[in-house]
Amino acid sequence: MKSSALVLFLSYLLLVEPTFSVADPVKDQQEIKNQDSEDQCNSYCFLIFKPVLDHFVELKQAANTSNELKEKINTLELSNKDLQIQLSNAEGLDKNSKLLINFKDEQIKQISKQLKDKDEQIREMNQQHKVKDDKINNQSDLLKNKEETISNLQSQLAIAKIQIENKDNLIHIKEDQIKDKSEEIKNKEELIQLKEQQIKDKDKNINNKITQINDQSADNMNKAKQIDELTNQIKSISEKLTEKTDLVSRCSRMDCPSEGPTGIYNMVIRGINAFEVPCNSTGWMTIQRRMDGSENFNRNWDDYKKGFGDVKREFFIGLEKLHLMTEAQPYELYINLRDINGTSRYAKYDNFKVGSEMEGYELTTIGKYSGTAGDSLKYHENSMFSTQDRDNDSHCARSHNGGWWFKTCFQSSLNGKYYKDGKKPYQESYGITWGTWKEYDYTISLTFVEMMIRPKSI
(Lines give C-alpha, C1' and ligand atoms only; values in the text may rest on other atoms or scores of the structure.)
Protein backbone atom coordinates (compact mmCIF):
# COMPACT_ATOMS: atom_id res chain seq x y z
CA MET A 1 0.00 0.00 0.00
CA LYS A 2 2.84 2.34 0.80
CA SER A 3 4.44 1.68 -2.55
CA SER A 4 1.21 2.51 -4.33
CA ALA A 5 0.81 5.83 -2.51
CA LEU A 6 4.38 6.84 -3.26
CA VAL A 7 3.93 6.10 -6.93
CA LEU A 8 0.77 8.17 -7.10
CA PHE A 9 2.45 11.11 -5.31
CA LEU A 10 5.45 11.19 -7.58
CA SER A 11 3.26 10.96 -10.63
CA TYR A 12 1.33 13.96 -9.41
CA LEU A 13 4.42 16.04 -8.92
CA LEU A 14 5.66 15.33 -12.40
CA LEU A 15 2.39 15.91 -14.11
CA VAL A 16 1.32 19.17 -12.43
CA GLU A 17 1.40 22.04 -15.01
CA PRO A 18 2.69 25.57 -13.97
CA THR A 19 0.07 28.34 -13.56
CA PHE A 20 0.41 31.73 -15.27
CA SER A 21 -0.85 35.19 -14.26
CA VAL A 22 -0.68 38.83 -15.71
CA ALA A 23 2.29 40.87 -14.34
CA ASP A 24 4.80 43.25 -15.42
CA PRO A 25 7.24 42.51 -18.16
CA VAL A 26 10.29 42.34 -15.95
CA LYS A 27 8.64 40.07 -13.63
CA ASP A 28 7.39 38.06 -16.50
CA GLN A 29 10.79 37.62 -17.99
CA GLN A 30 12.09 36.56 -14.64
CA GLU A 31 9.27 34.14 -14.28
CA ILE A 32 9.92 32.88 -17.81
CA LYS A 33 13.45 32.14 -16.86
CA ASN A 34 12.32 30.52 -13.69
CA GLN A 35 9.78 28.62 -15.68
CA ASP A 36 12.38 27.43 -18.10
CA SER A 37 14.52 26.37 -15.25
CA GLU A 38 11.62 24.67 -13.65
CA ASP A 39 10.73 22.91 -16.92
CA GLN A 40 14.26 21.74 -17.29
CA CYS A 41 14.17 20.53 -13.71
CA ASN A 42 10.91 18.74 -14.27
CA SER A 43 12.24 17.05 -17.41
CA TYR A 44 15.35 16.06 -15.62
CA CYS A 45 13.42 14.84 -12.61
CA PHE A 46 11.11 12.86 -14.86
CA LEU A 47 14.06 11.18 -16.51
CA ILE A 48 15.43 10.37 -13.09
CA PHE A 49 12.21 9.16 -11.54
CA LYS A 50 10.81 7.30 -14.58
CA PRO A 51 12.78 4.12 -13.94
CA VAL A 52 11.73 4.33 -10.32
CA LEU A 53 8.10 4.71 -11.36
CA ASP A 54 8.42 1.81 -13.78
CA HIS A 55 9.91 -0.26 -11.03
CA PHE A 56 7.07 0.67 -8.73
CA VAL A 57 4.53 -0.31 -11.41
CA GLU A 58 6.26 -3.63 -11.80
CA LEU A 59 6.26 -4.03 -8.02
CA LYS A 60 2.55 -3.33 -7.96
CA GLN A 61 1.89 -5.89 -10.63
CA ALA A 62 4.10 -8.38 -8.81
CA ALA A 63 2.21 -7.61 -5.60
CA ASN A 64 -1.08 -8.28 -7.33
CA THR A 65 0.30 -11.54 -8.74
CA SER A 66 1.66 -12.45 -5.32
CA ASN A 67 -1.76 -11.93 -3.77
CA GLU A 68 -3.32 -14.25 -6.33
CA LEU A 69 -0.61 -16.81 -5.66
CA LYS A 70 -1.20 -16.51 -1.94
CA GLU A 71 -4.88 -17.12 -2.43
CA LYS A 72 -4.10 -20.19 -4.60
CA ILE A 73 -1.59 -21.41 -2.02
CA ASN A 74 -4.17 -21.00 0.71
CA THR A 75 -6.65 -22.95 -1.39
CA LEU A 76 -4.08 -25.65 -2.06
CA GLU A 77 -3.21 -25.83 1.63
CA LEU A 78 -6.88 -26.30 2.50
CA SER A 79 -7.17 -28.98 -0.20
CA ASN A 80 -4.01 -30.62 1.11
CA LYS A 81 -5.45 -30.69 4.63
CA ASP A 82 -8.64 -32.27 3.33
CA LEU A 83 -6.62 -34.83 1.39
CA GLN A 84 -4.52 -35.60 4.46
CA ILE A 85 -7.68 -36.14 6.49
CA GLN A 86 -9.12 -38.38 3.76
CA LEU A 87 -5.81 -40.24 3.48
CA SER A 88 -5.77 -40.75 7.24
CA ASN A 89 -9.33 -42.08 7.11
CA ALA A 90 -8.43 -44.30 4.10
CA GLU A 91 -5.41 -45.70 5.95
CA GLY A 92 -7.67 -46.61 8.83
CA LEU A 93 -10.12 -48.29 6.45
CA ASP A 94 -7.26 -50.06 4.66
CA LYS A 95 -6.03 -51.48 7.97
CA ASN A 96 -9.54 -52.74 8.76
CA SER A 97 -9.89 -54.17 5.24
CA LYS A 98 -6.55 -55.98 5.52
CA LEU A 99 -7.63 -57.45 8.85
CA LEU A 100 -10.97 -58.50 7.34
CA ILE A 101 -9.24 -59.95 4.26
CA ASN A 102 -6.82 -61.90 6.41
CA PHE A 103 -9.78 -63.24 8.40
CA LYS A 104 -11.62 -64.20 5.21
CA ASP A 105 -8.45 -65.85 3.82
CA GLU A 106 -8.27 -67.99 6.91
CA GLN A 107 -11.91 -68.94 6.52
CA ILE A 108 -11.33 -69.77 2.81
CA LYS A 109 -8.35 -71.94 3.73
CA GLN A 110 -10.47 -73.83 6.26
CA ILE A 111 -13.34 -74.21 3.80
CA SER A 112 -10.92 -75.34 1.05
CA LYS A 113 -9.55 -77.94 3.39
CA GLN A 114 -13.06 -79.10 4.20
CA LEU A 115 -13.95 -79.21 0.48
CA LYS A 116 -10.82 -81.22 -0.23
CA ASP A 117 -11.85 -83.70 2.46
CA LYS A 118 -15.38 -83.85 1.01
CA ASP A 119 -13.99 -84.38 -2.52
CA GLU A 120 -11.95 -87.27 -1.23
CA GLN A 121 -15.04 -88.76 0.40
CA ILE A 122 -17.05 -88.23 -2.83
CA ARG A 123 -14.33 -89.95 -4.88
CA GLU A 124 -14.43 -92.91 -2.52
CA MET A 125 -18.24 -93.02 -2.71
CA ASN A 126 -18.16 -92.72 -6.53
CA GLN A 127 -15.78 -95.64 -6.65
CA GLN A 128 -18.15 -97.66 -4.50
CA HIS A 129 -21.13 -96.62 -6.67
CA LYS A 130 -19.21 -97.56 -9.82
CA VAL A 131 -18.63 -101.05 -8.47
CA LYS A 132 -22.31 -101.33 -7.58
CA ASP A 133 -23.37 -99.93 -10.98
CA ASP A 134 -21.24 -102.53 -12.74
CA LYS A 135 -22.96 -105.24 -10.76
CA ILE A 136 -26.38 -103.75 -11.54
CA ASN A 137 -25.52 -103.45 -15.25
CA ASN A 138 -24.45 -107.06 -15.36
CA GLN A 139 -27.70 -108.11 -13.73
CA SER A 140 -29.65 -105.79 -16.08
CA ASP A 141 -27.97 -107.32 -19.13
CA LEU A 142 -28.87 -110.80 -17.96
CA LEU A 143 -32.44 -109.71 -17.28
CA LYS A 144 -32.63 -107.91 -20.63
CA ASN A 145 -31.48 -111.04 -22.47
CA LYS A 146 -34.12 -113.10 -20.73
CA GLU A 147 -36.78 -110.51 -21.46
CA GLU A 148 -35.76 -110.37 -25.13
CA THR A 149 -36.02 -114.15 -25.31
CA ILE A 150 -39.49 -114.02 -23.80
CA SER A 151 -40.45 -111.13 -26.11
CA ASN A 152 -39.33 -113.14 -29.15
CA LEU A 153 -41.34 -116.10 -28.00
CA GLN A 154 -44.36 -113.86 -27.40
CA SER A 155 -43.94 -112.48 -30.93
CA GLN A 156 -43.86 -116.01 -32.28
CA LEU A 157 -47.00 -116.76 -30.27
CA ALA A 158 -48.68 -113.64 -31.69
CA ILE A 159 -47.75 -114.69 -35.23
CA ALA A 160 -49.05 -118.18 -34.55
CA LYS A 161 -52.29 -116.72 -33.22
CA ILE A 162 -52.66 -114.53 -36.31
CA GLN A 163 -52.06 -117.53 -38.53
CA ILE A 164 -54.67 -119.45 -36.55
CA GLU A 165 -57.11 -116.53 -36.84
CA ASN A 166 -56.51 -116.36 -40.59
CA LYS A 167 -57.11 -120.07 -40.87
CA ASP A 168 -60.19 -119.75 -38.64
CA ASN A 169 -61.57 -117.06 -40.96
CA LEU A 170 -60.86 -119.31 -43.91
CA ILE A 171 -62.67 -122.19 -42.18
CA HIS A 172 -65.70 -120.00 -41.52
CA ILE A 173 -65.75 -119.13 -45.21
CA LYS A 174 -65.56 -122.78 -46.09
CA GLU A 175 -68.26 -123.80 -43.60
CA ASP A 176 -71.06 -122.18 -45.62
CA GLN A 177 -70.08 -124.31 -48.62
CA ILE A 178 -69.33 -127.45 -46.61
CA LYS A 179 -72.89 -127.56 -45.17
CA ASP A 180 -74.23 -128.47 -48.63
CA LYS A 181 -71.81 -131.38 -49.06
CA SER A 182 -71.95 -135.01 -47.98
CA GLU A 183 -72.07 -136.49 -44.48
CA GLU A 184 -68.37 -137.16 -44.72
CA ILE A 185 -67.67 -133.45 -45.03
CA LYS A 186 -69.94 -132.80 -42.02
CA ASN A 187 -67.88 -135.27 -40.01
CA LYS A 188 -64.75 -133.47 -41.08
CA GLU A 189 -66.36 -130.19 -40.11
CA GLU A 190 -66.97 -131.54 -36.62
CA LEU A 191 -63.36 -132.64 -36.53
CA ILE A 192 -62.27 -129.16 -37.51
CA GLN A 193 -64.41 -127.65 -34.77
CA LEU A 194 -62.85 -130.06 -32.31
CA LYS A 195 -59.39 -129.00 -33.46
CA GLU A 196 -60.42 -125.39 -33.15
CA GLN A 197 -61.52 -125.96 -29.57
CA GLN A 198 -58.27 -127.69 -28.82
CA ILE A 199 -56.34 -124.78 -30.30
CA LYS A 200 -58.45 -122.31 -28.30
CA ASP A 201 -57.71 -124.29 -25.16
CA LYS A 202 -54.03 -124.18 -26.05
CA ASP A 203 -54.32 -120.43 -26.66
CA LYS A 204 -55.94 -120.03 -23.26
CA ASN A 205 -53.14 -122.03 -21.63
CA ILE A 206 -50.55 -119.95 -23.44
CA ASN A 207 -52.22 -116.71 -22.32
CA ASN A 208 -52.25 -118.00 -18.75
CA LYS A 209 -48.57 -118.82 -19.04
CA ILE A 210 -47.79 -115.38 -20.44
CA THR A 211 -49.76 -113.76 -17.57
CA GLN A 212 -47.86 -115.82 -15.05
CA ILE A 213 -44.55 -114.84 -16.64
CA ASN A 214 -45.46 -111.14 -16.56
CA ASP A 215 -46.50 -111.35 -12.88
CA GLN A 216 -43.43 -113.22 -11.71
CA SER A 217 -40.06 -111.74 -10.74
CA ALA A 218 -36.88 -111.83 -12.82
CA ASP A 219 -35.85 -115.22 -11.54
CA ASN A 220 -33.56 -116.72 -14.20
CA MET A 221 -34.34 -120.32 -13.39
CA ASN A 222 -38.10 -119.79 -13.48
CA LYS A 223 -37.85 -117.82 -16.74
CA ALA A 224 -35.80 -120.53 -18.36
CA LYS A 225 -38.43 -123.09 -17.37
CA GLN A 226 -41.20 -120.84 -18.72
CA ILE A 227 -39.30 -120.41 -21.99
CA ASP A 228 -39.11 -124.16 -22.38
CA GLU A 229 -42.83 -124.48 -21.71
CA LEU A 230 -43.64 -121.75 -24.25
CA THR A 231 -41.42 -123.42 -26.82
CA ASN A 232 -43.27 -126.69 -26.33
CA GLN A 233 -46.60 -124.88 -26.62
CA ILE A 234 -45.52 -123.25 -29.90
CA LYS A 235 -44.40 -126.61 -31.23
CA SER A 236 -47.72 -128.16 -30.28
CA ILE A 237 -49.69 -125.31 -31.87
CA SER A 238 -47.63 -125.58 -35.06
CA GLU A 239 -48.39 -129.29 -35.27
CA LYS A 240 -52.11 -128.64 -34.72
CA LEU A 241 -52.04 -125.87 -37.27
CA THR A 242 -50.45 -128.18 -39.83
CA GLU A 243 -53.10 -130.81 -39.20
CA LYS A 244 -55.82 -128.21 -39.50
CA THR A 245 -54.40 -126.81 -42.73
CA ASP A 246 -54.17 -130.28 -44.26
CA LEU A 247 -57.77 -130.98 -43.24
CA VAL A 248 -59.03 -127.74 -44.76
CA SER A 249 -57.13 -128.32 -47.99
CA ARG A 250 -58.82 -131.73 -48.35
CA CYS A 251 -62.28 -130.24 -47.79
CA SER A 252 -62.17 -127.44 -50.39
CA ARG A 253 -59.75 -125.37 -52.47
CA MET A 254 -59.27 -121.65 -53.17
CA ASP A 255 -55.83 -121.87 -54.83
CA CYS A 256 -54.22 -124.08 -57.44
CA PRO A 257 -52.05 -126.90 -56.06
CA SER A 258 -48.39 -125.93 -55.97
CA GLU A 259 -47.50 -129.30 -57.45
CA GLY A 260 -49.82 -131.29 -59.67
CA PRO A 261 -50.97 -131.84 -63.23
CA THR A 262 -52.11 -128.97 -65.43
CA GLY A 263 -55.89 -128.91 -65.81
CA ILE A 264 -59.23 -127.51 -64.70
CA TYR A 265 -59.79 -127.37 -60.91
CA ASN A 266 -62.89 -126.67 -58.82
CA MET A 267 -62.62 -123.67 -56.49
CA VAL A 268 -64.82 -122.68 -53.55
CA ILE A 269 -65.05 -119.16 -52.09
CA ARG A 270 -67.49 -118.05 -49.40
CA GLY A 271 -70.46 -116.18 -50.84
CA ILE A 272 -69.87 -117.45 -54.39
CA ASN A 273 -70.88 -120.70 -56.01
CA ALA A 274 -68.14 -123.17 -56.82
CA PHE A 275 -66.39 -122.36 -60.08
CA GLU A 276 -63.74 -123.82 -62.37
CA VAL A 277 -60.36 -122.32 -63.20
CA PRO A 278 -57.34 -123.48 -65.23
CA CYS A 279 -54.25 -124.34 -63.15
CA ASN A 280 -50.78 -125.24 -64.36
CA SER A 281 -48.26 -127.58 -62.74
CA THR A 282 -46.44 -124.77 -60.89
CA GLY A 283 -49.47 -123.40 -59.05
CA TRP A 284 -50.44 -120.51 -61.37
CA MET A 285 -54.19 -119.90 -61.77
CA THR A 286 -55.33 -118.33 -65.07
CA ILE A 287 -57.73 -115.43 -64.47
CA GLN A 288 -57.96 -114.08 -68.06
CA ARG A 289 -57.07 -115.41 -71.51
CA ARG A 290 -57.24 -114.01 -75.06
CA MET A 291 -56.26 -116.31 -77.92
CA ASP A 292 -58.59 -116.28 -80.95
CA GLY A 293 -61.30 -113.61 -80.59
CA SER A 294 -64.02 -116.20 -79.91
CA GLU A 295 -65.34 -114.27 -76.88
CA ASN A 296 -66.76 -110.74 -76.79
CA PHE A 297 -64.96 -108.70 -74.09
CA ASN A 298 -66.95 -105.50 -74.63
CA ARG A 299 -69.22 -106.40 -71.67
CA ASN A 300 -71.17 -104.51 -69.01
CA TRP A 301 -70.33 -104.10 -65.32
CA ASP A 302 -72.29 -107.13 -64.10
CA ASP A 303 -70.55 -109.47 -66.55
CA TYR A 304 -67.11 -108.30 -65.46
CA LYS A 305 -68.16 -108.62 -61.81
CA LYS A 306 -69.30 -112.26 -62.15
CA GLY A 307 -66.97 -113.38 -64.95
CA PHE A 308 -67.69 -114.78 -68.41
CA GLY A 309 -66.36 -117.01 -71.20
CA ASP A 310 -65.00 -120.54 -71.58
CA VAL A 311 -62.23 -121.44 -69.11
CA LYS A 312 -60.75 -123.78 -71.73
CA ARG A 313 -60.44 -120.98 -74.27
CA GLU A 314 -61.16 -117.25 -73.80
CA PHE A 315 -62.61 -116.04 -70.49
CA PHE A 316 -62.43 -113.55 -67.60
CA ILE A 317 -62.67 -114.97 -64.05
CA GLY A 318 -64.68 -112.07 -62.52
CA LEU A 319 -63.78 -109.03 -60.40
CA GLU A 320 -65.60 -110.21 -57.26
CA LYS A 321 -63.61 -113.45 -57.20
CA LEU A 322 -60.36 -111.50 -57.68
CA HIS A 323 -61.27 -109.21 -54.78
CA LEU A 324 -62.11 -112.05 -52.37
CA MET A 325 -58.99 -114.05 -53.22
CA THR A 326 -56.53 -111.13 -53.10
CA GLU A 327 -58.19 -109.82 -49.93
CA ALA A 328 -57.62 -113.14 -48.15
CA GLN A 329 -53.88 -113.31 -48.90
CA PRO A 330 -51.22 -111.61 -51.06
CA TYR A 331 -50.86 -112.78 -54.68
CA GLU A 332 -48.36 -112.46 -57.50
CA LEU A 333 -49.45 -111.55 -61.02
CA TYR A 334 -47.88 -113.01 -64.18
CA ILE A 335 -48.86 -111.76 -67.65
CA ASN A 336 -47.80 -113.73 -70.73
CA LEU A 337 -47.94 -111.73 -74.00
CA ARG A 338 -47.44 -112.67 -77.68
CA ASP A 339 -47.77 -110.75 -80.99
CA ILE A 340 -48.68 -111.78 -84.56
CA ASN A 341 -45.04 -112.61 -85.31
CA GLY A 342 -44.84 -115.16 -82.47
CA THR A 343 -42.65 -112.96 -80.21
CA SER A 344 -43.36 -113.77 -76.56
CA ARG A 345 -42.60 -111.62 -73.52
CA TYR A 346 -43.83 -111.44 -69.94
CA ALA A 347 -44.48 -108.98 -67.09
CA LYS A 348 -44.53 -110.05 -63.44
CA TYR A 349 -45.73 -108.11 -60.36
CA ASP A 350 -45.16 -109.27 -56.80
CA ASN A 351 -48.21 -107.84 -54.96
CA PHE A 352 -51.49 -107.94 -56.92
CA LYS A 353 -54.65 -106.83 -55.10
CA VAL A 354 -58.15 -105.77 -56.21
CA GLY A 355 -60.50 -103.70 -54.04
CA SER A 356 -64.19 -104.32 -53.33
CA GLU A 357 -67.15 -103.31 -55.49
CA MET A 358 -67.74 -100.36 -53.13
CA GLU A 359 -64.23 -99.24 -54.11
CA GLY A 360 -64.98 -99.71 -57.82
CA TYR A 361 -62.80 -102.86 -57.89
CA GLU A 362 -59.81 -100.56 -57.67
CA LEU A 363 -56.41 -101.91 -58.69
CA THR A 364 -55.19 -101.30 -55.15
CA THR A 365 -51.60 -102.39 -55.67
CA ILE A 366 -49.50 -104.44 -58.08
CA GLY A 367 -46.13 -104.31 -56.32
CA LYS A 368 -42.72 -104.47 -57.94
CA TYR A 369 -42.29 -105.18 -61.68
CA SER A 370 -39.93 -107.64 -63.33
CA GLY A 371 -39.92 -109.15 -66.81
CA THR A 372 -39.18 -108.58 -70.50
CA ALA A 373 -42.33 -106.84 -71.79
CA GLY A 374 -41.79 -103.55 -69.95
CA ASP A 375 -44.01 -102.08 -67.24
CA SER A 376 -47.30 -100.86 -68.73
CA LEU A 377 -49.53 -101.66 -65.73
CA LYS A 378 -47.96 -99.53 -62.97
CA TYR A 379 -49.58 -96.49 -64.58
CA HIS A 380 -53.03 -97.96 -63.77
CA GLU A 381 -52.34 -98.59 -60.06
CA ASN A 382 -54.97 -97.02 -57.74
CA SER A 383 -57.45 -96.73 -60.66
CA MET A 384 -61.03 -98.05 -60.54
CA PHE A 385 -62.34 -100.55 -63.09
CA SER A 386 -64.53 -99.13 -65.89
CA THR A 387 -66.98 -100.70 -68.32
CA GLN A 388 -69.20 -99.35 -71.10
CA ASP A 389 -72.13 -98.89 -68.67
CA ARG A 390 -70.08 -97.73 -65.64
CA ASP A 391 -67.28 -95.46 -66.72
CA ASN A 392 -65.24 -94.43 -63.66
CA ASP A 393 -62.75 -92.53 -65.82
CA SER A 394 -65.06 -89.97 -67.47
CA HIS A 395 -64.98 -91.34 -71.01
CA CYS A 396 -62.31 -93.98 -71.68
CA ALA A 397 -64.48 -97.10 -71.31
CA ARG A 398 -67.12 -95.62 -73.63
CA SER A 399 -64.64 -94.64 -76.32
CA HIS A 400 -62.50 -97.81 -76.00
CA ASN A 401 -63.49 -101.42 -76.40
CA GLY A 402 -63.59 -103.67 -73.28
CA GLY A 403 -63.46 -103.14 -69.52
CA TRP A 404 -60.17 -102.17 -67.79
CA TRP A 405 -58.59 -100.09 -65.03
CA PHE A 406 -58.60 -97.01 -67.25
CA LYS A 407 -56.76 -93.83 -66.25
CA THR A 408 -57.07 -91.02 -68.84
CA CYS A 409 -56.93 -93.33 -70.70
CA PHE A 410 -54.38 -96.18 -70.66
CA GLN A 411 -50.89 -97.52 -71.22
CA SER A 412 -52.27 -101.05 -71.37
CA SER A 413 -55.67 -102.58 -72.17
CA LEU A 414 -55.74 -106.38 -72.30
CA ASN A 415 -59.52 -106.64 -72.73
CA GLY A 416 -59.64 -104.58 -75.92
CA LYS A 417 -61.00 -105.69 -79.26
CA TYR A 418 -59.33 -108.75 -80.81
CA TYR A 419 -57.70 -108.25 -84.26
CA LYS A 420 -56.50 -111.50 -85.84
CA ASP A 421 -53.95 -109.75 -88.03
CA GLY A 422 -52.43 -108.00 -84.99
CA LYS A 423 -53.10 -104.49 -86.30
CA LYS A 424 -55.72 -101.89 -85.33
CA PRO A 425 -57.40 -100.45 -88.43
CA TYR A 426 -57.65 -96.70 -88.85
CA GLN A 427 -60.50 -95.11 -86.81
CA GLU A 428 -61.39 -98.46 -85.23
CA SER A 429 -61.47 -99.29 -81.50
CA TYR A 430 -58.20 -100.02 -79.77
CA GLY A 431 -57.13 -103.64 -79.60
CA ILE A 432 -55.20 -105.67 -77.04
CA THR A 433 -52.47 -103.16 -76.18
CA TRP A 434 -49.33 -103.06 -74.03
CA GLY A 435 -47.64 -99.67 -74.48
CA THR A 436 -44.06 -100.72 -73.77
CA TRP A 437 -44.27 -103.60 -76.26
CA LYS A 438 -42.98 -101.30 -79.01
CA GLU A 439 -42.46 -97.65 -78.07
CA TYR A 440 -46.15 -97.07 -77.24
CA ASP A 441 -47.36 -97.91 -80.73
CA TYR A 442 -51.05 -98.38 -79.99
CA THR A 443 -51.80 -99.62 -83.51
CA ILE A 444 -50.24 -102.96 -82.48
CA SER A 445 -52.81 -105.43 -81.16
CA LEU A 446 -51.44 -108.55 -79.42
CA THR A 447 -52.84 -111.92 -80.48
CA PHE A 448 -52.31 -113.84 -77.23
CA VAL A 449 -52.65 -112.76 -73.56
CA GLU A 450 -52.82 -114.83 -70.40
CA MET A 451 -53.08 -113.29 -66.91
CA MET A 452 -52.25 -115.65 -64.02
CA ILE A 453 -52.01 -115.35 -60.23
CA ARG A 454 -50.71 -117.47 -57.35
CA PRO A 455 -50.15 -116.91 -53.61
CA LYS A 456 -46.83 -115.23 -52.78
CA SER A 457 -45.86 -117.95 -50.32
CA ILE A 458 -45.48 -120.49 -53.13
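Start with Tyr 346. It counts as partly exposed, at 29% relative accessibility. Keep in mind that the model is predicted.

Look at the two rings together. The centres of Tyr 334 and Tyr 346 are 5.2 Å apart and their planes meet at 10°, so the pair is stacked; planes under 30 degrees apart count as such. Colour the strands next. Tyr 334 sits in strand S6 (residues 331–338) and Tyr 346 in strand S7 (residues 344–354), so the pair ties together parts twelve residues apart in sequence.

Move to Tyr 430 and Tyr 442. Are their rings stacked or edge-to-face? The planes stand at 90° with the centres 6.4 Å apart, so this pair is edge-to-face. Tyr 430 is in the loop between strand S10 (412–413) and strand S11 (433–434). Tyr 442 is in the loop between S11 and strand S12 (448–455). Twelve residues separate the two. Tyr 430 is partly exposed at 30% relative accessible area, and Tyr 442 is partly exposed at 21%.

Next, select Phe 297, Tyr 304, Phe 308, Phe 316, Phe 385, Trp 404 and Trp 405. They make up one aromatic cluster.

For a last stop, pick Lys 407 and Tyr 379. Lys 407 lies over the face of Tyr 379, at 4.9 Å from the ring centre.

How values were computed
Residues are numbered from 1 along each chain as its sequence is written. This is a predicted model: local features need pLDDT of at least 70, side-chain atom pairs count only at pLDDT 80 or more; totals for chains, interfaces and linings use all residues. Side-chain values use heavy atoms; hydrogens and water are left out. Rings of Phe, Tyr and Trp (its six-membered ring) pair if their centres lie within 6.5 Å; planes under 30 degrees apart count as stacked, over 60 as edge-to-face and the rest as tilted. Helices (H or I, at least four residues) and strands (E, at least two) are DSSP runs, numbered from the N terminus. Buried means under 20% relative accessible area, exposed over 50%, partly exposed in between (1.4 Å probe, protein chains only). A charge sits over a ring if NZ of Lys or CZ of Arg is within 6 Å of the ring centre and within 35 degrees of the ring normal.
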